[in-house]
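Let's look together at how two protein chains meet. Please take a moment with the sequence and the 3D view before reading on.

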Amino acid sequence: MTNNLILRVVSKSLIPLIIVFALYVQFHGDYGPGGGFQAGVIMSAAIILYALVFGLDAGEQVIPSTMLRILASLGVLIYAGVGVVTLFLGGNYLDYSVLGGTRVAGQHLGILLVELGVGMTVFSVMLIIFFAFAGRGRP
Amino acid sequence: MDFIIGHYNYWIAIFLMMTGFYTVISRGNLVKKIIGLNIFQVSVFLLYISMSTVKGGAAPIITEGVKLYSNPLPHVLILTAIVVGVATTALGLALVVRIKEAYGTIEEDEIHQQDHSL
Amino acid sequence: MQGHLSLLLVIVPLIAAPVAAILPRGRWSWALALMVAAICAILAGVQLWAVVHDGVISYELGGWAPPWGIEYRIDAVNAMVAMIVAGIAAITLPYALLSAEKEIPEHQLPLFYSAFLLCFAGLLGITQTGDIFNLFVFLEISSLSSYALISLGQKRQALTSAYQYLIMGTLGATFFLIGVGLIYSQTGTLNMMDLALRLPEVSGLKTVHTGFAFIMIGFALKLALFPLHLWLPNAYTYAPTVITVFLAATATKVALYVILRVLFSVFPLDFVSATPTGDLFLLSGMAGVISASIYAIYQVDVKRLLAYSSVAQIGYMALGIGFASSLGVTATIIHLFNHALMKGALFMAVGAIIYRIGSCHMDNIQGLGRQMPWTFGAIVIGGLSLIGVPGTAGFISKWYLVLAAMEQQAWIVVAVILIGSLLAVVYIGKIIEVLYFRAATETHLAVKEAPMLLLAPTWVLVIANIYFGLNTELTVGIAQRAVQVLGVTPG
Amino acid sequence: MIDVFIDVILLAFLAITAVSIVRMTNLFAIIMLFGIFSFLSAAMFVVMDAVDVAFTEAAVGAGISTVLMLATIALTRDHHEKASVSHRPWLPLTVVIVTGAALVYGTLDIPGFGDPEAPAQMHVAPYYIERSVAETGVPNVVTAVLASYRGFDTLGEVIVVFTAGIAVMLLIGGRRRKSNAGSNEGDENDK
Amino acid sequence: MSASTLLVVTLLLPLLGAVGIISARRYPNVREGVTLVTASLVAMLMVVIASRFLQGEEFSLSIAEPIPGISIAFKIEPLGMLFALVAGLLWIVTSIYAIGYMRSHNEKHQTRFYAAFAVAISCTLGVAFSANLFTLFLFYELLSLSTYPLVTHTGTDAAKKAGRIYLGILLGTSIGLLLLAILITWFVSGSVTFQQGGVLAGKLDPAWGGLLYALFLFGIGKAALMPVHRWLPAAMVAPTPVSALLHAVAVVKAGVFTLLKVTIYIFGSDYILGNDITGVLIWVAAATILFASLIAMTKDNLKARLAYSTISQLSYIALGAMLASKSGLIGASMHIAMHAFAKISLFFAAGAILVMTHKKLISEMDGLGRAMPVTFGVFLIGTLSIIGLPLFGGMWSKWYLGLGAVETGQLLLLGVLMLSSLLNIAYLLPIPVRAFLSKPAGGRHYSEIREAPKSILLAMMITSVTCILLFFYPDPFYQLASMAAGGP
């Protein structure tokens with residue numbers, strides 16, 4: 001189906017929208033439903049769609065697997081790292097209050113950061129899994 | 001009557017759980033087992049969320065003038081549980097793929113035959 | 001400050017895992033894992049010391065006071081279990097280097113060690129936490145990673161065993177989740193101490209009973225308590241040797257710890273004693289000891305034989321719980337510790353044989369005892385400890401267990417324990433006779449003793465088996481302390 | 001009353017889907033039904049004011065899981081379950097019935113559906129609703145609890161995802177090896 | 001050397017010997033040298049310890065205390081001293097014999113043989129010196145394990161089968177019954193330490209006392225009471241020196257020794273006599289004496305006959321123990337020594353015959369006496385000592401056993417003892433007599449048959465002469481025995 005013109009055009013225009021939506025979900029999680037996890041899934045969906053339409057190799061060229069592996073680890077490290085930072089700033093583990101000037105500011109920043117970590121890991125792991133399954137089928 | 005109104009939610013959730021549970025322990029097809037597992041878990045989520053709902057309560061997003069909210073804690077727990085669930089599913093399916101490659105089948109009893117006919 | 005220590009115990013391997021995953025070489029990841037395990041062992045030691053000397057440690061994660069935030073709460077019980085887990089990991093990893101390189105393809109080693117660290121962190125997380133849902137999360141971390149690790153075994157049965165374990169394990173975890181949900185619906189809290197406070201007033205409710213039952217069944221599955229043990233023999237037989245060693249020595253112990261915790265410190269005693277829990281544990285324990293030991297006798301694969309003996313040993317621990325007397329639980333906790341030592345040593349020794357000839361099937365290992373005297377020695381001493389010969393750690397556990405049984409006038413149980421030991425004599429004797437008193441086949445005359453890197457860790461555990469058979473201040477002392485903490489009524 | 005109505009309808013659909021999943025043997029159809037099942041439950045979550053959960057369930061259950069299952073049967077290339085009723089069905093059936101009965105027994109004195117006085121609603125939860133904005137400045141209480149109050153759980157959750165990634169890479173990462181190593185040699189030792 | 005160091009050295013010496021033996025496996029002569037040196041050192045140490053002990057020195061030592069109140073500890077008391085003395089003295093003799101035997105019989109795995117032998121001795125000493133039931137049990141088990149390779153030495157299927165029966169019965173009874181008995185003892189009395197007068201008196205209802213004693217009686221499989229005697233005849237497939245070790249030096253003696261220890265220091269003779277604990281059980285011993293003798297008569301295989309003779313002789317000791325009267329205990333204790341020397345002479349002779357003529361069956365031995373006068377001379381002496389005629393050490397133990405029976409008014413038992421002596425005559429005496437007097441079958445001459453090698457002859461002479469000496473100088477054994485029995 002990779003040579004279906006309409007499909008290509010539609011998806012080309014669709015993918016950016018999906019990504020924007022993902023970013024919205026990522027950063028609007030504080031106020032509405034959503035957050036890093038959902039955002040990660042949606043973001044990965046964008047890439048998966050791309051890979052489905054333009055072929056697996058094209059998909060893997062967008063984000064090489066080593067890159068994914070590093071991103072996945074990075075996400076975890078960001079999350080856990082925030083905790084370590086709070087430790088060094090004299091708080092308990094993952095006590096964001098010490099991150100900013102005020103408690104609330106600190107909390108806000110902390111939540112933002114960890115959600116980012118979540119998003120990264122989920123996004124890249126979803127892709128890792130997808131590519132693993134899809135790649136297994138190839139001759 | 002009130003009792004039933006107040007509980008049918010749980011009971012149907014339990015019914016769903018048991019269909020999933022049954023699929024897991026009675027079926028021999030490895031993929032279907034995993035689907036059963038998913039149904040089992042999703043229904044457990046239903047049970048949790050049923051416990052969190054408050055009649056006339058709003059979604060737990062603080063907004064002006066809303067007094068009553070449903071209980072956010074089970075929501076959080078279930079969010080985590082959902083993620084755990086999908087992780088398990090992915091791992092399980094990956095195993096199924098490998099088993100298919102190694103045995104050429106994903107039917108439990110055929111696999112047993114192969115291992116014991118040796 | 002001690003709080004931070006208890007936290008680091010979990011966080012260090014947690015942070016190390018992703019790093020290990022992206023390192024380019026297997027050996028680098030191994031070095032990292034080894035370092036982490038060593039650090040954790042030290043931390044666990046300090047924590048144990050601290051707990052024994054200045055009492056319970058409580059740590060508020062995220063700075064939120066329980067029950068609103070998650071709490072780490074360490075007393076003598078989980079401090080000891082954490083010590084076992086960390087210690088075994090630190091002893092297993094030196095062993096892992098060669099063994100794993102032999103059984104796992106090089107390009108997978110970084111991921112392998114990453115998964116190992118995740119499993120390790122998961123188990124520690126379970127022991128440390130004071131929050132029952134957080135416990136579930138870390139349970140899943142350790143479970144998922146162990147499914148993956150088991151599936152890496154060399155034979156294809158490893159895949160099916162891993163799948164079987166995945167299904168069983170997930171069912172167990174879901175049962176636990178259901179139980180937690182039901183309990184929550186009546187108490188509105190997830191913190192164990194808080195639960196202990198609020199359960200007495202609702203302990204009459206049907207919901208609480210059901211919840212209790214589901215939590216128990218869930219972890220009985222994880223513990224491989226007879227008759228829910230079906231996944232264990234396969235998993236232990238086909239997993240890579242290192243993993244078998246690690247899981248056999250730690251995973252079931254952690255599950256047992258959770259059962260102890262829930263049974264004695266979360267739920268009120270009169271509630272538990274009102275239920276038939278004790279008798280069920282006794283029944284399953286006795287059935288497990290006898291039947292699993294008999295199964296073990298008929299095994300032809302040494303790893304599998306030891307796996308069945310593990311089921312039997314779990315039965316002994318169940319007996320101790322069943323008495324619900326302080327003496328019984330003491331025995332259980334002592335055995336929990338000692339069994340980690342003996343099974344660790346035995347599986348390591350068997351692993352050394354596999355390392356040399358790539359199999360531990362009775363037909364292939366004939367007469368190897370003469371070629372590999374040190375390995376053989378380890379098996380003999382480990383076996384004696386398993387049988388419970390005086391002078392070994394195994395004897396101590398059996399001694400306390402039998403005394404506990406006599407205290408309850410439970411003469412049948414006494415008989416079962418002794419019969420179990422006799423059956424152990426038979427299956428250990430079988431291994432020893434094959435290894436030493438049968439002539440080695442020509443092909444095996446060339447086999448050399450296992451390398452130092454495998455022998456040293458094995459013998460550390462072997463010597464531990466003897467040391468803790470002669471000096472029990474540590475084990476018994478901590479066990480009795482733990483029993484006080486759990487608040488088991490004196491028998 | 002209307003919400004009760006929707007509620008009942010959804011649950012009925014759920015039940016129907018679940019049962020037909022058990023009964024059918026065409027894996028492809030089963031997976032599709034499962035997708036529907038988790039969509040329905042997502043809708044159910046919305047009805048029960050659990051928007052975040054609904055969102056996630058839709059994205060994961062209906063999305064990721066379904067895709068993965070399809071990928072799997074695409075790889076394993078058999079779309080039909082052997083009608084394996086050969087297993088004695090009464091044993092699992094009894095197990096299931098006993099378990100179900102136990103659960104129903106357990107719900108008998110659980111507080112009614114949506115009861116605001118239920119203990120679950122009384123003890124810990126109110127604290128979050130009252131204080132989260134003041135303490136974290138995040139109006140979405142779920143996010144606040146998820147990321148801050150129970151932030152450590154969420155760290156665990158991320159680790160779980162990561163673990164799954166590692167596991168899948170270990171199992172089916174990289175190209176398929178020609179001979180499934182270890183599958184055949186060494187088997188003579190198993191019986 | 002201080003008392004405790006002396007004790008440690010004695011226990012460790014054989015182990016060091018074993019290490020030396022293994023490390024010298026390439027050089028047979030060195031290896032045997034090590035064996036002899038170690039054995040003689042041990043023998044000397046025994047004599048030294050015995051003399052210092054008789055001068056009233058205290059030997060005690062505690063190594064570890066695994067469970068509060070239960071320690072791995074050693075303490076020499078008269079009975080243990082007696083047993084250790086016998087074992088220590090006989091090891092050197094056996095070693096001398098073994099060297100000759102193993103070489104002329106050119107057996108395999110000699111290193112394993114000597115090493116295991118040394119370990120077994122060390123365990124025996126551990127049993128002898130143990131200060132409490134726990135320590136005794138520990139070494140009792142180790143003794144079973146360390147003798148297993150000796151029993152299965154030849155490695156034939158028969159040997160393996162024997163080995164299985166051997167371990168099966170010994171470990172089975174010890175774990176199933178003896179350990180249980182120990183646990184119960186601890187449970188009721190809170191102590192497992194051996195002490196004069198026993199620990200159970202007043203703690204255990206006499207009704208249960210008999211049951212507990214039965215647990216001990218059958219739990220101590222090494223004492224080979226019927227019906228747990230099967231392992232002893234089975235084990236005769238082992239090489240003769242091993243049989244010597246089993247029958248005379250270590251194993252069975254460890255069994256009856258344990259029984260005596262339990263009787264004297266756990267139950268206490270007063271407790272037993274006062275409550276008639278052993279009233280019924282004593283007949284088990286009596287029955288064993290008679291049945292074993294009868295079975296012995298039916299055996300044509302020399303070693304088998306000797307094995308059953310051992311079983312009946314052991315029951316003398318068990319019987320003496322259960323009489324629990326002063327003389328009875330003295331007799332029992334002395335019989336450990338007397339029977340040891342007599343029986344070892346018999347086995348040495350049997351082994352010599354086997355080595356030189358490869359004859360196992362008694363019926364084939366007519367006239368051999370002329371060809372091997374020394375060997376059969378030794379056999380004769382052993383026989384007479386077993387029977388218990390004057391001029392031979394065996395007489396003393398029987399004498400005191402008889403007295404014991406009279407003291408306790410058990411005249412029927414006295415009858416049993418006399419009857420069994422007649423049976424002894426019936427199944428042992430014919431062997432040397434026919435060997436010397438009757439003609440070889442088929443009228444041929446054993447011109448080609450010569451006496452056994454020097455070392456074998458030497459060993460046999462030593463033991464047989466000792467049998468006679470023990471008649472004239474029963475001290476120090478008598479002294480130790482009477483001390484053990486709680487007399488002057």
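Across the interface of chain D and chain A, four residue pairs are in polar contact, both partners at pLDDT 80 or more. A polar contact here is a pair of N or O atoms within 3.5 Å, where one must be able to donate a hydrogen and the other to accept it, and residues adjacent in sequence count only if both atoms are side-chain atoms. This is a predicted model, in which local features need pLDDT of at least 70, side-chain atom pairs count only at pLDDT 80 or more, and totals for chains, interfaces and linings use all residues. Residues are numbered from 1 along each chain as its sequence is written, chains are lettered from A and ligands numbered from 1 in the order in which they are written, and side-chain values use heavy atoms, leaving out hydrogens and water.

Which elements of chain D give two or more residues to the side that touches chain A?

| Helix of chain D | Residues |
|---|---|
| H3 | 51–76 |
| H6 | 125–136 |
| H7 | 141–149 |
| H8 | 151–172 |

H8(D) gives the most to this side, with 14 residues.

The contact (heavy atoms within 4.5 Å) takes 40 residues from chain D and 40 residues from chain A.

Conventions:
Helix = DSSP H or I, 4+ residues; strand = E, 2+ residues; numbered from the N terminus.
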